[in-house]
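Here is a short note to go with the structure. Please read the points against the coordinates.

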Amino acid sequence: MTTPGLRERKKQELRDRISGVATQLILTRGFEAVSVSEIAAAAGVSRMTVFNYFARKEDMFLDRLPELTGLIEAGVRGSATPLAALRDVFLQLLDTRHPLAGFADRMTYFWQVVIDSPALRARVREFLEELEGLVAGLFEEGGQAQPRLTAALALAAYRVCYVDAAARIMAGEQAESFFDEHRARVTRAFDQAAIGAAAVEENEGSGR
């Protein structure tokens, strides 16, 4: 892996500062109540600088989504078993308690902000569509049978696991109290996606 130069590190630090300031303001006051001008002022930069790093305000709060995209690309591209590789990416995030796994008690504040904001909910839906397209492309590159269907099934199954776990945490359950159960359910979700895609492939191959 190439070590980033000083310029790249400075740019990443500024991006992190802007998103960090935005996140704190939004968590405190709600997404719609915070303006880009306020974020810029609190971060000590101009509005133009903010928009040089983020195309829209939603992306400042959901700033880790590109990281998820990068992890999936790195984990799946070139794999001889793309679906298993995608599963392993999500399980690794879960096992390391990565924020992108969304499996932590502290996530309740983040989720509530998203739930309360139509703009953030719309951006999440848009990202999920983008992610499905990316994964389908990676599956096709890797020779996965029924790449579009398998991508849709796998991501939908994972999303159900994620949302159900989030609901339990928001209802007061401690995340660690059902970690093993959740991890097993994620694993089964990918297994079921594989079975479903294989069944379609078999039916198409038999001409039914």
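1. Aromatic cluster. Phe 90, Trp 111, Tyr 158, Tyr 162 and Phe 190 are linked by ring pairs into a cluster. Rings of Phe, Tyr and Trp (its six-membered ring) pair if their centres lie within 6.5 Å; planes under 30 degrees apart count as stacked, over 60 as edge-to-face and the rest as tilted. By this rule there are seven aromatic pairs.

2. Basis of the values. This is a predicted model: local features need pLDDT of at least 70, side-chain atom pairs count only at pLDDT 80 or more, and totals for chains, interfaces and linings use all residues. Residues are numbered from 1 along each chain as its sequence is written, and side-chain values use heavy atoms, with hydrogens and water left out.

3. Phe 103 and its partners. How are the rings of Phe 103 and Phe 178 arranged? They are edge-to-face, with 5.2 Å centre to centre and 75° between the planes. The pair links distant parts of the chain: Phe 103 is in the loop between helix 6 and helix 7 (107-116), Phe 178 in the loop between helix 9 and helix 10, 75 residues apart. Helices here are DSSP runs (H or I, at least four residues), numbered from the N terminus. Phe 103 and Phe 179 also pair: the ring centres are 5.9 Å apart and the planes at 65°, so this pair is edge-to-face. Phe 179 lies in helix 10, 76 residues from Phe 103. Phe 103 and Phe 178 are buried, and Phe 179 is buried too. Buried means under 20% relative accessible area, exposed over 50%, and partly exposed in between (1.4 Å probe, protein chains only).

4. Core. The largest nonpolar core has 60 residues. Such a core is a set of buried Ala, Val, Leu, Ile, Met, Phe, Trp, Tyr and Cys residues joined through side-chain atoms within 4.5 Å. Which residues touch the most other members? Ile 18, Ile 72, Leu 86 and Phe 90 do. Helix 9 (residues 147-170) gives the most to this core, with nine residues. Leaving aside neighbours within four places in sequence, Phe 90 is in contact (heavy atoms within 4.5 Å) with Leu 68, Ile 72, Leu 155, Tyr 158 and Phe 190.

5. Helix 5. Helix 5 (residues 65-76) has 12 residues. From first C-alpha to last, helix 5 reaches 17 Å, close to the 16 Å expected at 1.5 Å a residue. That expected span is 1.5 Å times one less than the number of residues. Which residues of helix 5 are buried? Leu 65, Leu 68, Ile 72 and Val 76 are. Seen down the axis, the buried residues of helix 5 fall within an arc of 50°, so they line one face of the helix. The arc is that of the directions from the helix axis to the C-beta atoms. An α-helix has 3.6 residues a turn, so residues three or four places apart point the same way. Cover for the buried residues of helix 5 includes helix 6 (82-95) and helix 8 (118-141). Gly 78 follows helix 5, with a positive phi near 90°.

6. Salt bridges. The structure holds 15 salt bridges. The criterion is a side-chain nitrogen of Lys or Arg within 4 Å of a carboxyl oxygen of Asp or Glu. Asp 59 bridges to Arg 123, with the closest N and O atoms 2.9 Å apart. Asp 59 lies in helix 4 (residues 57-61) and Arg 123 in helix 8, so the pair ties together parts 64 residues apart in sequence. Asp 59 is buried at 17% relative accessibility, and Arg 123 is buried at 11%. A network of salt bridges links Arg 56, Asp 59, Arg 123, Glu 126 and Glu 130.

7. Glu 141 forms a salt bridge with Arg 77, the closest N and O atoms being 3.2 Å apart. Glu 141 is in helix 8 and Arg 77 in the loop between helix 5 and helix 6, 64 residues apart. Glu 141 is exposed at 53%, whereas Arg 77 is partly exposed at 43%.

8. Helix 9 to helix 10. Glu 181 forms a salt bridge with Arg 168, with closest N and O atoms 2.9 Å apart. Glu 181 lies in helix 10 (residues 179-206) and Arg 168 in helix 9, so the pair ties together parts 13 residues apart in sequence. Glu 181 is partly exposed at 45%, and Arg 168 is partly exposed at 26%.

Note on methods: Helices (H or I, at least four residues) and strands (E, at least two) are DSSP runs, numbered from the N terminus.
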